[in-house]
Amino acid sequence: MHKDISQVLFSQEEIEACAKRMGEQISADYAGKKLLLVTVLKGAFIFMADLARFIDGDVEIDFMAVSSYGAEAKSSGVVRIIKDLEASVEGRHVLIVEDILDSGLTLKYLLRNIRSRRPLSIEVAALLLKEGKQQTDVNCKYVGFICPDEFVVGYGLDYAEMYRNLPYIGVLSPDVYS
Ligand code: PRP
């Protein structure tokens, strides 16, 4: 699988340092408060696992899975909930954890959906923000890296469900998908 990567964008060490920094910031911001971490499956599962271990404080972790309606709808923001949260959100401090924000439309939907459940607060932590791709305002409080507009895989991010287990984030060689 490494041979399919044309360039490593963020190494394992850089990602770990980033998760540590972000975790420390979140720990400080939520000191004394209990946090509900919402993982958006599938891509965010590895980042969540690392980030959560750098948060020093009371956290509960829950999972949500969403899917776009068809390939063409990827950036339409029309998403379907495949798996909903088990935890109640009402009156809680919620932090949505995402691997990547591209158009921002999935996040927009998630924020609207979770806000309707009346959390006490809601913020977003994303490992990657794709440069210049957002079609909507993304109110993302914690951003790991600005990511160039490339086909990126690894560390949770996939191409056809593969490459999620790469320990770094890299650019997928066009030979693989063209
Ligand atoms: C990715 C990512 C976000 C969404 C961002 O998920 O995890 O949820 O796309 O795209 P957007 O900003 O353009 O809405 P994906 O649909 O690839 O599913 P996966 O996490 O299961 O791989």
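Student: How many helices and strands does the chain have, and what makes a stretch count as one?
Tutor: The chain has four helices and nine strands. Both are DSSP runs numbered from the N terminus: a helix is H or I over at least four residues, a strand is E over at least two. Along the sequence the order is β-α-β-α-β-β-β-α-β-β-β-β-α. This is a predicted model, in which local features need pLDDT of at least 70 and side-chain atom pairs count only at pLDDT 80 or more, whereas totals for chains, interfaces and linings use all residues. Residues are numbered from 1 along each chain as its sequence is written, and side-chain values use heavy atoms, leaving out hydrogens and water.

Student: What radius of gyration would a compact globule with 178 residues have, and what does the chain have?
Tutor: The rule is 2.2 Å times the number of residues to the power 0.38, and the radius is taken over C-alpha atoms. For 178 residues a compact globule would come near 16 Å; the chain has 16 Å, so the two agree. Along the principal axes, the C-alpha atoms fill a box of roughly 50 × 35 × 25 Å.

Student: What share of the chain counts as buried, and what does buried mean?
Tutor: Buried means under 20% relative accessible area, exposed means over 50%, and partly exposed lies in between, with a 1.4 Å probe and protein chains only. Of the 178 residues, 48% count as buried.

Student: Why is R118 called exposed?
Tutor: The relative accessible area of R118 is 56%, above the cut-off, so R118 is exposed. R118 is in the loop between α3 and β6 (121-130). Its phi is near 55°, a positive value in a residue other than glycine.

Student: Why does A160 count as exposed?
Tutor: A160 has 60% relative accessibility, which is over the limit, so A160 is exposed. A160 lies in the loop between β8 and β9 (169-172), and its phi, near 50°, is also positive in a residue other than glycine.

Student: Why is F54 called partly exposed?
Tutor: The value for F54 is 24%, again between the cut-offs, so F54 is partly exposed. F54 is found in the loop between α2 and β3 (59-68). From F54 to I26 there are 28 residues in sequence and 9.0 Å in space, C-alpha to C-alpha.

Student: What makes the peptide bond from L41 to K42 cis?
Tutor: This bond has omega near 0°. K42 lies in the loop between β2 (35-41) and α2 (45-53).

Student: How many aromatic pairs are there, and what makes two rings a pair?
Tutor: Rings of Phe, Tyr and Trp (its six-membered ring) pair if their centres lie within 6.5 Å; planes under 30 degrees apart count as stacked, over 60 as edge-to-face and the rest as tilted. By this rule the count is four aromatic pairs.

Student: Why is the pair of F151 and Y177 called tilted?
Tutor: The ring centres of F151 and Y177 are 4.7 Å apart and the planes are at 40°, so the rings pair and the pair is tilted. F151 lies in the loop between β7 (142-147) and β8 (152-153) and Y177 in helix α4 (residues 174-177), so the pair ties together parts 26 residues apart in sequence. F151 is partly exposed at 29%, and Y177 is partly exposed at 35%. F151, Y159 and Y177 form one aromatic cluster.

Student: How many residues surround the ligand, and what puts a residue near a molecule?
Tutor: A residue is near if one of its heavy atoms lies within 4 Å of the molecule or strand. The ligand has 15 such residues around it, the closest being E98, D99, S103, G104 and T106. β5 gives the largest share of the shell, four residues.
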